[in-house]
Amino acid sequence: MTDQTIAARASLTRNQLLVLEKLEDAAGPLSAYALLDLLREHGFRAPLQVYRALDRLMKDGLVHRLESLNSFVACTGEHSHLHGITAFAICETCGQVAEFADPVVGKRLESWVSESGFRPNKAVIEFRGLCAPCAAAERDHRAR
């Protein structure tokens, strides 16, 4: 964990920490309503409780929203999200999500956007396909 991540975790409320822990323990992305169902035993009653926690967690770079799935994952990288672009590879078979952040690629994309005169509000890069184990299983299945 980075110092920034440790500091962000230390300042979380009980609800924010519970939401983060559920996302960290999840096998794949979770929607806000799936989180609500998982957290009812902890006193969560309304979607707004989950959304407030998610907003703070995303602001602190501890959680990411996957636009194409309308769901959330805990950050898995040892990197800062203050400057740079994060990309996600989402397996359409098992649901696993891999997170990628490369400062060189991020700077190049930011430069290209700046040179074009475009003023972005947000950048989300998501690759959809098969993770290595699912691709191998598919190849094995076809070979039979």
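Is His64 buried or exposed? With a relative accessible area of 10%, His64 is buried, where buried means under 20% relative accessible area, exposed means over 50%, and partly exposed lies in between, with a 1.4 Å probe and protein chains only.

Before selecting anything else, note that this is a predicted model, in which local features need pLDDT of at least 70 and side-chain atom pairs count only at pLDDT 80 or more, while totals for chains, interfaces and linings use all residues. Residues are numbered from 1 along each chain as its sequence is written, and side-chain values use heavy atoms, with hydrogens and water left out.

**The whole chain**

Show the protein chain as a cartoon and follow its six helices and five strands, which come in the order α-α-α-α-β-β-β-β-α-β-α along the sequence; helices (H or I, at least four residues) and strands (E, at least two) are DSSP runs, numbered from the N terminus. The C-alpha atoms fill a box of roughly 50 × 45 × 25 Å along the principal axes, and 28% of the 144 residues count as buried.

Where pLDDT is low, the predicted coordinates should not be read in detail.

**His64 and its partner**

Return to His64, which is found in strand 1 (residues 63-66), and display the side chain of Glu99, with which the His64 side chain makes a polar contact at 3.1 Å. A polar contact is a pair of N or O atoms within 3.5 Å; within protein, one must be able to donate a hydrogen and the other to accept it, and residues adjacent in sequence count only if both atoms are side-chain atoms.

**Salt bridges**

The whole structure holds six salt bridges, each defined as a side-chain nitrogen of Lys or Arg within 4 Å of a carboxyl oxygen of Asp or Glu. Select Arg65 and Glu67, whose closest N and O atoms are 2.6 Å apart in one of these bridges; Arg65 is partly exposed at 27% relative accessible area, and Glu67 is partly exposed at 31%.

Then pick Glu92 and Arg128, which form a salt bridge with the closest N and O atoms 3.5 Å apart. This pair links distant parts of the chain, 36 residues apart, with Glu92 in the loop between strand 3 (86-91) and strand 4 (97-101) and Arg128 in strand 5 (residues 125-129). Arg128 counts as partly exposed, at 42% relative accessibility.

A further stop is the salt bridge between the side chains of Asp37 and Arg40, at 3.4 Å from N to O, where Asp37 is exposed at 52% relative accessibility and Arg40 is partly exposed at 36%.

**Pairs across the sequence**
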